[in-house]
Amino acid sequence: LALRRLASPAIVQFLNDAEPHLVLEAARAINDVPMEAGQQALALLADRPDLSDPLVRRVINANFRVGTRESVGALAMLAANGELSETLRLEAIDALQDWDKPEPTDRVTGCWRPLPPRSLDGLAEVIRPHLGGIFSGSDAIRQAGVKLSAKYGIKEVVPALMALVADANQAEPTRVADIEVARAKRGS
C-alpha cells in the first residue's frame with residue numbers, strides 16, 4: 001500500500017512474488033494508479049500459468065498499452081489459451097481488434113488514458129500461429145477469431161472456415177459469419 005500511494009516503481013518487484021495476492025495488488029497499483037514505469041513488467045506476466053481473472057485482465061491491458069509486436073503475440077497467446085475463461089479470451093481478441101484505433105479510455109478502469117493510433121503492418125504473422133487455439137474455442141471465440149482474421153487479412157483461415165461452415169453442429173451465426181469471411185477472403 002505504501003509503494004502504491006507513493007507511486008513507486010519499486011512495486012514492480014512484487015509482480016514476481018510467490019504470494020498471488022501480492023502479485024495482484026502490485027498489478028492493480030501499476031494498472032489502476034497508473035504507473036507507466038511498470039506496464040512492461042506487468043505485460044510480461046502473460047505467459048505465467050495460474051493467474052487470477054483480475055490479474056489477467058490487467059495483463060491484457062498492459063500488453064495493449066505497451067503496444068509492441070511482442071505485446072500482440074502475448075495477446076494472441078492469451079486469446080488462444082483454452083485454460084482462460086471465455087470472457088478473458090474475448091477481451092484479448094477485442095484488444096487485438098482495437099489495436100490500430102484504441103479507445104481513449106482505459107480498458108480496466110475506464111479512466112481517460114488515450115493512446116495514439118497504431119499500424120497493423122506485419123502483425124498478421126504474429127497472430128497467425130495462435131489461430132488454431134482461437135478456433136478451438138467456443139462459438140463466441142470462433143466468431144471473434146473470424147472477425148480478427150478478416151481485419152488482419154489472414155487468408156490461411158479459409159480452409160478452416162469452410163470446415164466450420166460445413167459442420168452442421170456449429171451454431172448458425174458462426175456458420176454465417178464464416179461464410180461471409182470466407183467469401184471476402186476468396187475475392188481478395
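The protein chain folds into 11 helices and 0 strands, where helices (H or I, at least four residues) and strands (E, at least two) are DSSP runs numbered from the N terminus. The order of elements from the N terminus is accordingly α-α-α-α-α-α-α-α-α-α-α. This is a predicted model, in which local features need pLDDT of at least 70 and side-chain atom pairs count only at pLDDT 80 or more, while totals for chains, interfaces and linings use all residues. Residues are numbered from 1 along each chain as its sequence is written, and side-chain values use heavy atoms, with hydrogens and water left out.

Of the 188 residues in the protein chain, 45% are buried; buried means under 20% relative accessible area, exposed over 50%, and partly exposed in between (1.4 Å probe, protein chains only). The chain exposes about 9,400 Å², with carbon and sulfur atoms supplying 54% of it; these areas come from the Shrake-Rupley method with a 1.4 Å probe, and for residues only the protein chains shown count as cover. Contact is defined as heavy atoms within 4.5 Å. Among contacts between residues at least 6 apart in sequence, 59% join residues at least 24 apart.

D106 counts as buried because its relative accessibility is 4%. Its side chain makes a polar contact of 2.9 Å with the side chain of N61 and reaches the backbone nitrogen of V108 at 2.8 Å. A polar contact here is a pair of N or O atoms within 3.5 Å; within protein, one must be able to donate a hydrogen and the other to accept it, and residues adjacent in sequence count only if both atoms are side-chain atoms. Leaving aside neighbours within four places in sequence, D106 is in contact with N31, N61, R65, C111 and R113.

A79, in helix α5 (residues 69–80), is also buried, with a relative accessible area of 0%. Beyond its neighbours within four places in sequence, A79 is in contact with R89, A92, I93 and I134. A79 and L131 are 52 residues apart in sequence, yet their C-alpha atoms are 8.8 Å apart in space.

Two backbone details deserve a glance. Most residues other than glycine have a negative phi, and most peptide bonds are trans. The peptide bond from V33 to P34 is cis, with omega near -10 degrees; P34 lies in the loop between α2 (20–32) and α3 (39–43). D50, in the loop between α3 and α4 (53–66), has a positive phi near 60 degrees. D50 counts as exposed, at 77% relative accessibility.
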